[in-house]
Amino acid sequence: MARQATSQLSQSHSTAEEDVLDVVIPDPYKLHEWKAKDVTSWLEIQIPRLSVYSPLLQSHGICGRVIAIVDRDTLLSIGISAEDCDIILKCFVRLGLEQQKRVVENLMLTARRTP
């Protein structure tokens with residue numbers, strides 16, 4: 001998934017070497033460790049036009065530990081439009097599900113290795 005997103009991101013930019021943006025995509029398995037910058041970097045890859053909200057999300061400390069509990073009213077109160085609140089929340093839900101999926105997969109692998 002990370003390679004695919006990075007590839008898509010690279011393809012969306014000019015082929016000139018200086019125009020290719022290197023983005024490190026944080027691991028969803030470590031969502032609780034994500035800083036606000038990690039959250040906004042990930043969100044910008046998901047929906048680039050939402051990058052206009054990066055400063056707001058970062059200044060309000062929307063980090064990995066917070067996205068599971070952030071709600072529409074919170075996003076509205078920091079200045080995000082109603083339509084974009086819904087989009088951002090859907091992205092956060094998908095991210096949470098991806099993180100849970102990784103945790104379950106890891107547990108299953110661990111259980112298989114244990115005699």
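Which residue forms a salt bridge with Asp 84, and how far apart are the closest N and O atoms? Keep that in mind while you look at the model, which is predicted.

The partner is Arg 49, with the closest N and O atoms 2.8 Å apart. Asp 84 sits in helix α5, while Arg 49 is in the loop between α2 and α3, so the pair ties together parts that are 35 residues apart in sequence. Asp 84 is buried, at 7% relative accessible area. Arg 49 is partly exposed, at 43%.

The count is three salt bridges. Next, Arg 72 and Asp 86, at 2.7 Å, N to O. Arg 72 belongs to helix α4 and Asp 86 to helix α5, so this pair links parts 14 residues apart in sequence. Arg 72 is partly exposed, at 34%. Asp 86 is partly exposed too, at 33%.

Then Glu 98 and Arg 102, at 3.4 Å, N to O. These two are four residues apart in helix α5, about one helical turn. Glu 98 counts as buried at 19%, because the cut-off for buried is under 20%. Arg 102 is partly exposed, at 28%.

Now the core. The largest nonpolar core has 20 residues. Leu 57, Leu 75, Ile 80, Ile 88 and Phe 92 have the most contacts inside it. Helices α2 and α5 each give two or more residues. The largest share, six residues, comes from α5. Take Phe 92: leaving out residues up to four places away in sequence, it touches Val 39, Trp 42, Ile 62, Ile 67 and Val 70.

Last, the cysteines. Cys 63 is buried, at 11%. Cys 91 is buried as well, at 1%. The disulfide count is zero.

Definitions and conventions
Residues numbered from 1 in each chain as written. Predicted model: local features only at pLDDT ≥ 70, side-chain atom pairs only at ≥ 80, totals over all residues. Heavy atoms only, no water. Core = buried A, V, L, I, M, F, W, Y, C linked by side-chain atoms within 4.5 Å. Buried < 20%, exposed > 50% of the residue type's maximum accessible area, 1.4 Å probe, protein only. Contact = heavy atoms within 4.5 Å. Disulfide = S-S within 2.5 Å. Salt bridge = Lys/Arg side-chain N within 4 Å of Asp/Glu carboxyl O.
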